[in-house]
Amino acid sequence: MALLRYESQVRAPLVEGVKDYHQVTEDICRPVETRPTKAWWIGFIISVIFLLFGIVSVTVQVIYGVGQWNLNRTVGWGWDITNFVWWIGIGHAGTLISAILLLFRQGWRTGVNRAAEAMTIFAVMCAGQFPVWHMGRVWDAFFVLPYPNTRGPLWVNFNSPLLWDVFAISTYFTVSVLFWYSGLIPDLATLRDRAKKKWSKFFYGAAAFGWTGSTKHWQRHESLSLVLAGLSTPLVLSVHTIVSFDFATSVVPGWHTTIFPPYFVAGAIFSGFAMVQTLLVVTRKVLGLEEYITIEHIDVMNKIIVLTGSIVGIAYLTELFMSWYSAVKYENFAFFENRLNLNSPYGWSYWLMMGCNVLSPQIFWIRKMRRNIIVTFFMSILVNIGMWFERFVIIVTSIYRDYLPSAWSTYYTPTIWEVGFYLGTFGLFFTCYFLFAKFFPVIAIAEIKHILKKSGEHYKAKMTELEEQKLETFVEKHGHDHGA
Amino acid sequence: MPVKKFITGNFYDEAVLFPAVKKARRAGYKIHDVFTPFPIHGLDKAMGLRDTSLHTAGFIYGITGTATAVGFITWALTVDWPINFGGKPYFSLPAWIPITFELTVLFASVGMVLTFCYLCQLAPFVKKDHFNPRSTDDTFVMALECTEKTNEEEAIQFLKELGAEDVKVQYKETGWWLGRYDKDTMPFRKKETEHHKETITQ
């Protein structure tokens, strides 16, 4: 009898089909070991073209200055910071899946965590571009770091949320990379031991760090993963909290609100899961991994989307209520004129946000919709559009009309270079993702093997058989004499 | 660098592996290591390994991070160059919580990963013997170390009886002893090993 660990029969299997450990290795390594498909090449080339466009846009901006963007008085933060917050929000799902769901012992995370963590890293890389290039004199970017300098030394302002951001995002990036790579090492060792070509022997041999699978090493590895998960859990919450402080600690009506930290974190998880869905719905199909990233996984993630979308919805309504309840006319103006009023210049963006983020995810209350791939894909795009507009609404509608009408700015629209920069980060993101999907196992092989005998369809069926047996038959079949 | 003689056996099922480990220990064999493709909970206990103290190291690194952040910011903003930010006190601890927290996490994570790599002797380009490449795929490979007292034939027979397949004698560069960092366990150097192998087989 195989060693079966019990899992409730109510839970759907996480690995479908008849699999043994070797089959799991074969299935997940296949995309890495075969030549890239036509679809991969097309996607990769398009991504690289976008990336090149982004590089051109940034180069233009560096040569001619931030004036190449349409930022004005009073809209000093426009698409750049919108995109920054949007990407950093997307970068939250990976760590949520790998850390928080590990602590909550959610078995389904094993199918999606590797890709989600990679997505996190790439999204944070994209996010980091915006504040850096927004500085204008990018060659002085290192001024944000506290280093001994000849100006005093004059230190950075440790009381400023913008500096907190520097620490939060760089820490988040570092820890995410460490967490991702330490989980990847055993799987790279699997690839190393299977490698046939010279270059892949060299590459995976170098990348696997000499992993052997020794029991002691696994014990340490488990301890490391658990502690890193414990550290990443408050970290992931802190990062978007600190991003929200960039706004919440100011006195600008529309930004100056205490609800921002939880609201931003919920929104980040919301958009992050939407991006995970976008990527995985395609990845599982293209790489033929439907038995590992099952409809069950998609269903569960859609439940998180409807939950966090509704939390975000409550936050929007609370904001409106607090603005009304404060009886401050500037607050009222920011919310009821600049946002809620559809006829105001940016009113459309508020209602677009409401529609995409609050109303449309409600469709996921229906089980059939949660388990529909096309609906899921479409919704994931819609949510990401909505979440982009949320940041746009927060940033632009709060600042484009200052206290005095004489200081109201002209209607802010981005230039081609602002748009190009944004598209360029898409290029960066997808170029990285395509390379990742080609050269690394997109599913954590060791973790899938770990849950296989508990949650694999084949093994769950065996367990059902055992459960349904009469006690006498069970004892007769499996009982053994301890005295022997 | 010692090359030692081992008897290795492959297991394909955890349910066979666990009793085998126990019986091998009871029979007095020296289990060099069991190589598995994924973590098997309880195997470390069954093999008699002590718990890792890696998390304690992580705690110490974390505390170091906290102390570094609070200490440095306090010194920079109250001693080295006090600046009046909006009439707030120079020593404004609540505003430093975010950076203190981030540095705590950063120190703990980086420190732990480096310690992990040091303890397990993991680094880019490092290569080691692990008896059977299938142990990163689907097989649990148990390696018994042969000492002067070990009867080779008996040990092979013993492993076979425990349910091991593909039992064979292997001369290998040692990794390290269980649970301990040993100076002999430096990264594998191919030339020297082959030289040793020849001398042993002769």
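Q: What share of the contacts in chain B between residues at least 6 apart in sequence join residues at least 24 apart?
A: In this predicted model, the share is 80%. A pair counts as a contact if the C-beta atoms lie within 7 Å.

Q: How many helices and strands does chain B have, and in what order do they run?
A: Chain B has six helices and four strands. From the N terminus, the order is β-α-β-α-α-α-β-α-β-α. Buried residues account for 37% of the 202 residues in chain B.

Q: Why is F107(B) called buried?
A: The cut-off for buried is 20 or more other C-beta atoms within 10 Å. F107(B) has 22 such neighbours, so F107(B) counts as buried. The residue sits in helix α4 of chain B.

Q: Which residues does F107(B) touch, leaving out those up to four places away in sequence?
A: They are Y61(B), G62(B), T64(B), G65(B) and T68(B). I63(B) is 44 residues from F107(B) in sequence, and the C-alpha atoms of the two are 8.4 Å apart.

Q: How many residues does each chain give to the contact between chains A and B?
A: Chain B gives 59 residues and chain A gives 53. On the chain B side, α1 (14-26), β2 (30-35), α2 (43-46), α3 (54-80) and α4 (97-119) each supply at least two residues. The most come from α4(B), with 14 residues. By class, this side of chain B has 38 nonpolar, twelve polar and nine charged residues.

Q: What makes the contact of α3(A) with α5(A), residue by residue and by class?
A: From α3(A) come D80(A), I81(A), N83(A), F84(A), W87(A), I88(A) and I90(A). From α5(A) come A123(A), V124(A), C126(A), A127(A), F130(A), P131(A) and H134(A). By class, there are eleven nonpolar, two polar and one charged residues.

Q: Which residues have the most contacts inside the largest nonpolar core?
A: They are A93(A), M119(A), A123(A), F270(A), F273(A), V276(A) and I448(A), in a core of 154 residues. A second, separate core has 22 residues, including L17(B), A20(B), M47(B) and L159(B).

Q: What does F270(A) touch beyond four places away in sequence?
A: F270(A) touches I305(A), T308(A), G309(A), V312(A), V383(A) and M387(A).

Q: What makes helix α16 of chain A largely enclosed by the rest of the structure?
A: Ten of the eleven residues of α16(A) (residues 445-455) are buried, so the helix is largely enclosed. The buried residues are I445(A), A446(A), E447(A), I448(A), K449(A), H450(A), I451(A), L452(A), K453(A) and S455(A). They pack against α1 (21-33), α5, α6 and α17 (457-468) of chain A.

Q: Where does F209(A) lie, and what is its phi?
A: F209(A) has a positive phi of about 60 degrees, and is not a glycine. F209(A) lies in the loop between α7 (198-207) and α8 (215-248) of chain A.

Q: Is F209(A) buried or exposed, and which is A327(A)?
A: A327(A) has 8, so A327(A) falls under the cut-off of 12 or fewer and is exposed. A327(A) too has a positive phi of about 60 degrees without being a glycine. A327(A) is in the loop between α10 (295-326) and α11 (329-337) of chain A.

Q: What is omega for the peptide bond that joins R73(A) and T74(A)?
A: Omega is about 10 degrees, and the bond is cis. T74(A) is in the loop between α2 (38-64) and α3 of chain A.

Q: What is omega for the peptide bond from G152(A) to P153(A)?
A: Omega is near 0 degrees, and this bond is cis. P153(A) is in the loop between α5 and α6 (161-194) of chain A.

Note on methods
Residues numbered from 1 in each chain as written. Chains lettered and ligands numbered in written order. Predicted model: local features only at pLDDT ≥ 70, side-chain atom pairs only at ≥ 80, totals over all residues. Core = buried A, V, L, I, M, F, W, Y, C linked by C-beta atoms within 7 Å. Contact = placed C-beta atoms within 7 Å. Nonpolar A, V, L, I, M, F, W, Y, C, P; charged D, E, K, R; others polar.
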